[in-house]
Amino acid sequence: MTEVLKKEKPKYEVAKIGEIEVGGCKIVKVNGRSIGIYNDGEKYHAIRNVCPHEQAELCKGTFSGTTMPSKPHEYIYGMEGEVLLCPWHGWEFNINNGECLGDTRYKVKIYEVSVENNRIMVQM
Amino acid sequence: MEIAEKKKSSKTRIDYGIIDCDVHQTINSYEDLKPYMPRVWWDRLKEPGGTFPSLVWRPIPLTRRDASPGNGLLPGSDPEYAKKDFLDRYNISKGILTGSLLTISTHNNPDYAAAVATAFNDWTLDNWITHDDRWLASIVIATQDPILAAKEIDRLGSHPKVCQVVISPASSQPYGQRWFYPIYEAAVRNNLVIALHSGGEGEGINSPPISAVGQPTTNLERHNILPIHQMSQLNSIVCEGVFERFPTLKVVAVEGGLGWLPHLMWRMDKNYIAMRKEVPWLKRKPSEYIMDHYRFTTQPIEEPENFQEMIQMLKFMRAEKTVMFATDYPHWDNDDPKFVLNKLPEEMRRRVAYENAAELYQLNDIHSQ
């Protein structure tokens with residue numbers, strides 16, 4: 001019931017399909033907020049462009065993979081393209097849920113993205 | 001709720017000046033130094049890293065990706081960009097340039113190292129100091145040959161914008177020893193502060209490893225333990241009586257951490273009572289020399305979960321007298337002025353943001369023109 005009553009958040013066009021290359025990130029201003037739109041090759045992600053640590057422009061960092069939890073001196077590389085590294089202190093954020101891998105108390109806001117008629121839309 | 005959003009409500013305005021005690025200007029390539037160096041050294045500049053040895057692999061690049069002036073230029077290589085991206089953006093009153101030659105003490109050839117230092121200093125004065133009145137310069141010296149280092153200090157020491165001499169705490173022998181006296185004599189003669197800024201620990205000719213027990217495996221482990229060099233040099237400088245020999249000398253530990261000082265200081269004072277007879281030249285407790293002669297910069301500020309614990313540490317080390325603000329712009333672990341200063345109690349904030357540095361560098365007397 002509550003689902004039905006919940007007011008749908010508006011959608012904003014942020015880019016056209018083909019505008020953001022695979023692995024690329026376009027920084028846009030939506031509703032007064034700076035957002036990074038990242039193309040991982042399969043889908044688009046919308047990430048708030050503010051690091052929760054010292055408020056650096058997070059989306060100017062790099063998208064990469066990282067080492068997964070392992071035993072001492074075992075190296076397992078994973079999450080290729082799913083980790084955003086802050087350009088300042090290198091804090092790693094999971095672009096799927098916004099959580100900081102090193103300290104989950106810190107979280108960056110991520111937004112719903114949809115593609116409609118060749119347009120990339122962000123809901124916020 | 002996100003932590004970023006919580007912070008907004010506690011923002012306060014910093015309505016006094018900020019002196020930043022650690023800003024890094026850099027060359028894009030060692031070959032930029034050619035015009036400032038004799039031909040004999042040019043071929044070495046083309047080699048990787050200008051032939052300065054380094055083992056460090058950095059999981060996070062040294063300089064901030066978002067601070068590049070563009071066109072592939074290195075962050076900190078363009079004074080015009082740094083003026084907008086740093087001085088103007090953060091409303092910095094004075095920025096003390098500490099350079100990017102902090103591994104210079106690793107080189108096996110003291111003449112080459114000294115020539116690179118001289119070239120870098122001239123490059124800084126030509127390209128940065130003339131560019132904006134808010135910059136002040138550190139001159140870098142190669143400690144391999146203290147006589148050559150003293151000559152460099154005398155060559156530039158009277159320049160009105162030169163306020164300190166920067167060296168790395170990485171060395172082959174402790175800095176309190178008499179071998180280094182020519183450097184302290186020259187610094188005092190030229191009314192310059194000595195700054196110790198991390199670089200080249202455990203590399204090249206610096207035989208003591210990065211940690212006291214051997215070379216660590218990762219940069220995380222290396223970076224955690226860097227302050228051990230600052231601790232070792234402070235311990236040596238105080239115990240060897242450098243401040244008795246040079247009563248006007250001032251030393252700054254830059255980017256070396258803060259919280260270790262109370263521990264070391266208390267330990268030194270306690271041991272002094274028992275072993276004073278070994279160092280009869282010390283007329284006062286070691287902590288008294290530290291309070292009068294040593295200063296410490298904030299970045300990278302320690303961030304315990306409860307910052308009140310850090311405030312306590314700052315009180316233990318008399319931060320209202322001994323601690324000075326620094327960003328470390330444009331390096332990866334730089335601190336935003338508001339992020340650090342807003343956490344401090346008002347009286348301490350003013351001292352740390354401006355007054356301690358203004359007093360140390362006599363900014364209102366000498367460098368204010």
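Modeller: Happy to. In the largest nonpolar core, which has 93 residues, the members that touch the most others are Ile104(B), Val116(B), Ala117(B), Ile141(B), Ile153(B), Val165(B) and Phe325(B). A nonpolar core here is a set of buried Ala, Val, Leu, Ile, Met, Phe, Trp, Tyr and Cys residues joined through C-beta atoms within 7 Å. Buried means that 20 or more other C-beta atoms lie within 10 Å of the residue's own, with C-beta atoms placed from the backbone. Helix 4 (residues 110-129) of chain B gives the most to this core: nine residues. Helices are DSSP runs of H or I with at least four residues, strands are E runs of at least two, and both are numbered from the N terminus.

Keep in mind that this is a predicted model: local features need pLDDT of at least 70, side-chain atom pairs count only at pLDDT 80 or more, and totals for chains, interfaces and linings use all residues. Residues are numbered from 1 along each chain as its sequence is written, while chains are lettered from A and ligands numbered from 1 in the order in which they are written.

Now zoom in on Ile153(B). Helix 5 (residues 146-156) of chain B packs against helix 6 (residues 181-189) of chain B at about 10°, with axes 8 Å apart; axes are lines fitted to C-alpha atoms over the stretch in contact, and angles between N-to-C directions run from 0 to 180 degrees. Helix 5 and helix 6 of chain B are therefore roughly parallel (an angle under 35 degrees). Helix 5 of chain B brings Pro146(B), Ile147(B), Ala149(B), Ala150(B), Ile153(B) and Asp154(B) to the contact, and helix 6 of chain B brings Pro182(B), Ile183(B), Glu185(B), Ala186(B) and Ala187(B). Contact means C-beta atoms, placed from the backbone, within 7 Å. The residues of this contact divide into nine nonpolar, no polar and two charged. Here Ala, Val, Leu, Ile, Met, Phe, Trp, Tyr, Cys and Pro count as nonpolar, Asp, Glu, Lys and Arg as charged, and the others, Gly among them, as polar.

Setting aside neighbours within four places in sequence, Ile153(B) touches Ile139(B), Ile141(B), Val165(B), Ala186(B), Ala187(B), Asn190(B) and Leu192(B). Leu84(A), in strand 6 of chain A, is the bridge partner of Phe63(A). Strand 5 and strand 6 (residues 77-85) of chain A pair in the antiparallel sense over five bridges; pairing takes at least two DSSP bridges.

Technical notes: Angles under 35 degrees count as roughly parallel, over 145 as roughly antiparallel, 65 to 115 as roughly perpendicular and the rest as oblique. Two residues are in contact if their C-beta atoms, placed from the backbone, lie within 7 Å. A residue is buried if 20 or more other C-beta atoms lie within 10 Å of its own, exposed if 12 or fewer, and partly exposed in between; C-beta atoms are placed from the backbone.
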